[in-house]
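Subject: Structure for you to look at

Hi there,

Here is the structure I promised to pass on.

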Amino acid sequence: MRKNRYRIIKYGLFISSVAFNIGLAVAAITLLNSNDTESVISKRENRLIEPPVVAQKVVSEELIPPMQELTTHRPIELTRVVGEWTLFQPTDQPPYIAIRNQVGSYIVQRCDRHFYYYVNMTQQRTALPANLRFMYQQQNFLVYNIAYGIGSERDHWVNSQSIKINREYFSNTSFLNTNKILQQRCDNGL
């Protein structure tokens, strides 16, 4: 009895699906052969309205000056001092402050008030955070602008003991004093 019931359900589903497909085919053929589709298409074509022609204003060209680069490719002075902000005053360049960490990478702040991350290329890097924007390669460093986020502003360095950038720690030891001296020298044009 169970097999008989299963066979009835099986053939019933098959017959109903065949009948449904035949019904769909008949409906499609009927719609394609009817004239209603032509009238619908012609109604759509008649609705097209040409937009009125309006005289355009003449715009004068304004020359936009190019953005200044964040910094030029100036080499940094390498130091053996680790974990302390130091002021550097090269003879042919504006002053800057920098800190070196234990693996040999640097954070540099120049007179433009931006912070730059000098990555020691001897260290293996897999992925960088989104706030680090590559600028150029210099000496044995890849130089990134710290565009936003932790480490991109003076207050971040003043209000912390150390900052982690790209899995590397940088101390704020003597940052406040060297930053004030840098600002004075930059403002005076020294």
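Strands here are DSSP E runs of at least two residues and helices are H or I runs of at least four, numbered from the N terminus. β3 and β4 pair in the antiparallel sense over four bridges, where pairing requires at least two DSSP bridges between two strands.

Before going on, a word on the source: this is a predicted model, in which local features need pLDDT of at least 70 and side-chain atom pairs count only at pLDDT 80 or more, while totals for chains, interfaces and linings use all residues. Residues are numbered from 1 along each chain as its sequence is written, and side-chain values use heavy atoms, with hydrogens and water left out.

**The sheet.** Six strands make an open sheet in the order β1-β2-β3-β4-β6-β5, with antiparallel pairing. β1 (86-88) and β5 (132-138) are at the edges with a single partner strand each, so one side of each has no neighbour in the sheet.

**The cores.** Ile107 and Tyr117 turn up again in the largest nonpolar core, which has 17 residues; they are among those with the most contacts inside it, along with Trp85, Trp157 and Ile165. (Such a core is a set of buried Ala, Val, Leu, Ile, Met, Phe, Trp, Tyr and Cys residues joined through side-chain atoms within 4.5 Å; buried means under 20% relative accessible area, exposed over 50%, and partly exposed in between, with a 1.4 Å probe and protein chains only.) Elements giving two or more residues to this core include β2 (96-100), β4 (115-120) and α4 (175-188). A second, separate core of eleven residues includes Ile76, Tyr96, Ala98 and Phe141.

**Around Trp85.** Beyond its neighbours within four places in sequence, Trp85 is in contact (heavy atoms within 4.5 Å) with residues including Ile107, Trp157 and Ser171. Ser171 lies in strand β8 (residues 168-171) and is buried at 18% relative accessibility.

**The disulfide.** Which cysteines form a disulfide? Cys111 and Cys186 do, with sulfur atoms 1.8 Å apart, inside the 2.5 Å limit used for a disulfide. The pair links distant parts of the chain, 75 residues apart: Cys111 is in the loop between β3 (106-110) and β4, and Cys186 is in helix α4. Cys111 is partly exposed at 25%, whereas Cys186 is buried at 17%. The S-S torsion is about -75°, so this disulfide is left-handed.

Best wishes
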